[in-house]
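I opened my notebook for a friendly look through this one. Here is what I looked up, in order.

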Amino acid sequence: MINEKIPHIVLDPLMKKVLIKELELRAIKTLHSSKNSHLQFSNGREEHRIKIKTLQKISPKSIKNKAKNLALDTLIRFRITACQNGFLSILFFPPPQIEGDGKHSIDALIRIKKLALDSAKKNKYLKQKGLSPHTIPGPGEVVYLYSPNDALGHTQPIEVTPIASDFFKTLMFTLLKKSEFPYMTMDLWTEDITQESAPYAVGTPIPSLDFALHQNCGEPLFEQLINAFISFLFPEIEISEYGRYKRVPILHNTLNTFPKLARHFEKKLPQSWWFKPVAVEIEMNTICNLRCTGCAIIEDIEKANKGFNPEEILGLLNACNETSIYTYSITGGEPFLLLNELCTIVEKSPLDIFKIQTNGTRFSSMEIAEQMLTQLKKAGFGVKNKYVKPSINCSFGMQNQAGAPLECLVFLTHAFLNILGDSAQLGLNLLPYPGDDGEKILQELSTLYKKITGEPYPFERVRLHQFYMEHTPRLAEKKLIPLGQISIRDKINQLSEDYVCFNFSQKEMDTPVPRILIRSDGVLYPCACFGLATPAGNVHHNSLHELLERVQKNELLRLVEEKGLRGLLQEMEKRNPGIGDQKTPIEASICKACRTLRETDTPCGN
Ligand code: SF4
Ligand code: SF4
């Protein structure tokens, strides 16, 4: 496969420095859910997810099959470097090897050759190949001592540029040209560098591409690279212009990831506790000025529960402050109907505010929007947080159909950037009805923004998230959602194998979780989703500490945390054969399926 007769080369010292010290390598992954696909890119500081509208070539199944069929050994890593001045180098790092003489064992030959090797790694690899350190290779027989994947950094590289397929050369220069980087290095895992191979933009062990970027590249250049990469490698896929995903910025210098923050605050709770929430979502009330048919809590909105006053919420936040919870979110109803109360909470809370959810309707003119946000800022929003940047999340799509003017989102956006700038984040949560074109709504927003402000909509400065309507009895009754059914077993088996669930997803942590929910009637749920499963009790009757203590005894929730939803399904099918056959609406949230498994008398979809 590789012509090993090509002489070894010594790396140019500058390039070596670049390769070893300054470059960061990160894999590109595909993320799939039943609703959409994303390509996820990370350069260590920023993560981008790009929503893919059509992606025929890569399906989770084909990736899985590919991974199964490919032995690691058949893939080899090549390091490709290209510079704007036309320099191109493709290097192969051959694994350390010995040549048999028919007399000495492998270990004896290693000693004779004076090879310094990691013996555990070597023995493991030999074992995989059915050999042992005592095997005596025949005369002239070449034995590799490490997997080709482990060879980087252990041996002198072999330059394979002349024999590499033009495909890779064109790839590099096209990417370089499009990205406008001065140079670029890419690690390519493939079976045969002499042949064009289908690029799979996924993590190892599948053939994959790892990109190396100069530290000074920064975010805009990183995005340029991503765009160049996608349009070159996947010309057939259509990328949503609005499908960008931005990480939630963390403000703390050392506690600079959500898992680090969680580990830090978890120490405040008894060691024996397994459930250590870090965030709380408080439903202030269920008073709203809209009546969206797809609202997850429309029946409660119709009852307009008065909920908590600011003093009660501050009491709850003070109790949270005694636990591992460091951040809180306020939802409703429509919290901005009570701006003064909201400001009192922000001003006096001992915790960081994470998010205020709104339908945007109160931001009904530029002047009003600026006044409201100035008042919120004076209360400390975007000023006093220590750990996470706060956000106002505005839901739209379904809300506009219920009467929220899209202009309000224009006023909110413009005033937000004007008053709060980058001290806070504006989240746009787009939730169209099934069949409605989300992109059309975004185009309308764009046009309206331009008309009112004279500027293009600043999509790069907001966090845009498209959500998908989930089944509610009201939507089903009005036939506004597909009505098909699926078994709970199939629903859970559609999830990717390593998926745990929203509240316990350690790997993908881009938000503070576990997050508890306190609803306006005082009922506390261990998960801030609208699965509304296994309430622990009511904050009006028990202290927060007592309620959290109860959650520790929730053995089925513990099972989800430890083994994910698949683990829960397996266990519940053992205890209650046939439970997985229960039907659930196709569009019901996965939390509803979880609830049906954990509360066996709750029908799925309710
Ligand atoms: S704006 Fe939000 S809370 Fe109000 S009805 Fe619509 S979805 Fe429900
Ligand atoms: S209800 Fe179940 S699936 Fe949903 S967040 Fe809670 S444990 Fe996870």
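By class, how many nonpolar, polar and charged residues does the shell around ligand 2 have? I found 9 nonpolar, 1 polar and 1 charged. My classes take Ala, Val, Leu, Ile, Met, Phe, Trp, Tyr, Cys and Pro as nonpolar, Asp, Glu, Lys and Arg as charged, and the others, Gly among them, as polar.

I noted that this is a predicted model, where local features need pLDDT of at least 70, side-chain atom pairs count only at pLDDT 80 or more, and totals for chains, interfaces and linings use all residues. Residues are numbered from 1 along each chain as its sequence is written, chains are lettered from A and ligands numbered from 1 in the order in which they are written, and side-chain values use heavy atoms, with hydrogens and water left out.

Next I listed the residues around ligand 2 (a heavy atom within 4 Å). Among them are Cys501, Cys527, Cys529, Cys591, Cys594 and Arg598. Two elements, α18 (555-575) and α19 (590-598), each give two or more residues to that shell; helices are DSSP runs of H or I with at least four residues, strands runs of E with at least two, numbered from the N terminus.

Of its 606 residues, 54% count as buried (under 20% relative accessible area; exposed is over 50%, partly exposed in between; 1.4 Å probe, protein chains only).
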